[in-house]
Amino acid sequence: MKKIVLFSSVLALVLFSCGTTKNVVDTQRTTEKTSHQKSSSSLPFPHNDGAYQEAYSWRRNKEDATMIQIKNSNIDSLRYSSVDRYVSEVVRKINSTARSDFERAKMAHDIIALTISYDAENFWRGTIPAQDYASVLARGTAVCEGFSNTFKHFCDVLGIPCRVVHGYARGVGTKAGNESSSYKSNHAWNIITIKGRQYQIDCTWDEGFLQGRGSVKDYSTVWLFAQPECFIYTHFPDFAADQLLSRPLSYSAFLQLPSLRPNFFDAVASVSDFKVINRCNGTFSLSFTERSGQALSCTIKEDGGSEFVKNADFAKRNGETSQMLFSLPKATQYNIKLFQKNADMDESRYCGEFYLNATATSSVRFPQTFTNYGIENDGVVIAPIEAPLVRGKSYTFTVQSRYNDVALVINSQWTYLKNDGTGTFSAEATIPFDAEKVSLNVKNASGKYWSIASYDLQ
């Protein structure tokens, strides 16, 4: 179950690393891939490219209405009796509706995501059936090879240049930061060409995810037309040219990248350098600039552990710039999962992960927070950001909020913070010796008070 609270989202999610029928890596291809590449000390980052503006306008995380109608109509039954007639009918509908090749490609992407389910049963058994488009459409299941072949066939009939790309992807059966230095292909996706520009698409990962030994449909457009600088964090193709980067990365450089999905870059406009595994002496900070209408949050667990580590992370915000602050209670390795949410989403969506390898500990603890930030939020805690609070000590409590009522609650005593006229509220208070509970609360648009933070005491 997903919880949309800052640094407390829960998500059982495994991306498909598919049982592609291409199991043996051609060493010549690998040599070609690595011989001319140069590593970079800075993270690849998508740029403001006008050529992607039209493509990105179709990344709406919403299924095409016409494709939904086809899925629920008599046309769908043609998949079992006459696959090629089915494809012709779908393409006819697409061509009568779509106004651009971007829309045509998106509609082909959607009919596949709606119609085909990931073949978890055969994937786990290692008994992958035929993955040609006709078999996939008639059966209704596929692994990545079948998703890619089927998307290519629709594009072929639509007249959109498309090819299947093979490579290594950070999906099920892999763990970022603990990957083999020996390259081996395990996945397939697509590259299409529209208006002379190449775009990457992964229909498999946009269809859903693996949960346990089964598959769950979870439509998205995360992997539709995403810029190459986004794809490279999880998808490393056999051929360097298929990275679509002006300066392709080596495989060794790829292995050092944090595992980030394209929707991470939907949430942030810039981010400080970090790696898949980051050594630290007990504290770590990640700085980023938020995009308008977006929120980024995270969870933290000991690597391999099942329990969330509480009060070890905090979001510090200063205008458009935010920091994820980490204060780690044990000298061990921690897994940090990242989540993205925008104002139109009901739930946050997984967008990446990395690790912190703490060589020392930190005694600093943070308040527990209960709000997203970056989007139209209820309130952002500015101070104090360290916990536990000490009884008998005075503090200045500061909150930024778009609402007019912000209150500090100590036990049952309410103190209202004063607005300086810019949406920054503050008040000084001394923590009484009999205090058992301290929280910051905001009265939101519904007229109800919502706790945005609580503090441990000592």
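Which side chain does K330 meet in a salt bridge? In this predicted model, the partner is E302, with N and O 3.2 Å apart. K330 sits in the loop that runs between β15 (321–327) and β16 (333–342), while E302 belongs to strand β13 (residues 294–302), so the bridge ties together parts that lie 28 residues apart in sequence. Neither end is hidden away: K330 has a relative accessibility of 43% and counts as partly exposed, and E302, at 26%, is partly exposed as well.

That bridge belongs to a set of 16 salt bridges in the structure. Another one in the set brings the side chains of K217 and E207 together, with 2.8 Å from N to O. This pair links distant parts of the chain, with K217 in strand β7 (residues 214–217) and E207 in helix α10 (residues 203–207), ten residues apart. Here the two ends sit on either side of a cut-off. E207 has a relative accessible area of 1% and is therefore buried, since buried means under 20%. K217, on the other hand, comes out at 40%, so this lysine counts as partly exposed.

R92 pairs with E89, and their closest N and O atoms are 3.0 Å apart. Both residues are in helix α5 (residues 83–97), and because they are three residues apart there, about one helical turn separates them. As for R92 itself, a relative accessible area of 47% makes this arginine partly exposed.

Turning to H47, this histidine is found in the loop between α1 (27–35) and α2 (51–56). Is H47 buried, exposed or something in between? With 37% relative accessibility, H47 counts as partly exposed. Once neighbours within four places in sequence are set aside, H47 is in contact with Q227 and E229. A269 is another residue to look at from here: the C-alpha atoms of H47 and A269 are 9.2 Å apart in space, although 222 residues separate the two in sequence.

Next comes the sheet. Five strands make up an open sheet in the order β18-β26-β25-β21-β22, and the pairing is antiparallel. At its edges are β18 (368–369) and β22 (413–416), each of which pairs on one side only. In general, strands of a sheet pair through backbone hydrogen bonds, in either a parallel or an antiparallel way. For β18, the partner is strand β26 (residues 449–455); the two run antiparallel and are joined by two bridges.

Stepping back to the whole protein, the fold is built with 13 helices and 26 strands. Of the 458 residues, 55% are buried. The exposed surface comes to about 19,600 Å², and carbon and sulfur atoms supply 46% of that area. The contacts also say something about how the chain folds back on itself: among those between residues at least 6 apart in sequence, 69% join residues at least 24 apart.

Note on methods: Residues are numbered from 1 along each chain as its sequence is written. This is a predicted model: local features need pLDDT of at least 70, side-chain atom pairs count only at pLDDT 80 or more; totals for chains, interfaces and linings use all residues. Side-chain values use heavy atoms; hydrogens and water are left out. Helices (H or I, at least four residues) and strands (E, at least two) are DSSP runs, numbered from the N terminus. Buried means under 20% relative accessible area, exposed over 50%, partly exposed in between (1.4 Å probe, protein chains only). Contact means heavy atoms within 4.5 Å. A salt bridge is a side-chain nitrogen of Lys or Arg within 4 Å of a carboxyl oxygen of Asp or Glu. Two strands pair if DSSP finds at least two bridges between them. Accessible areas come from the Shrake-Rupley method with a 1.4 Å probe; for residues, only the protein chains shown count as cover.
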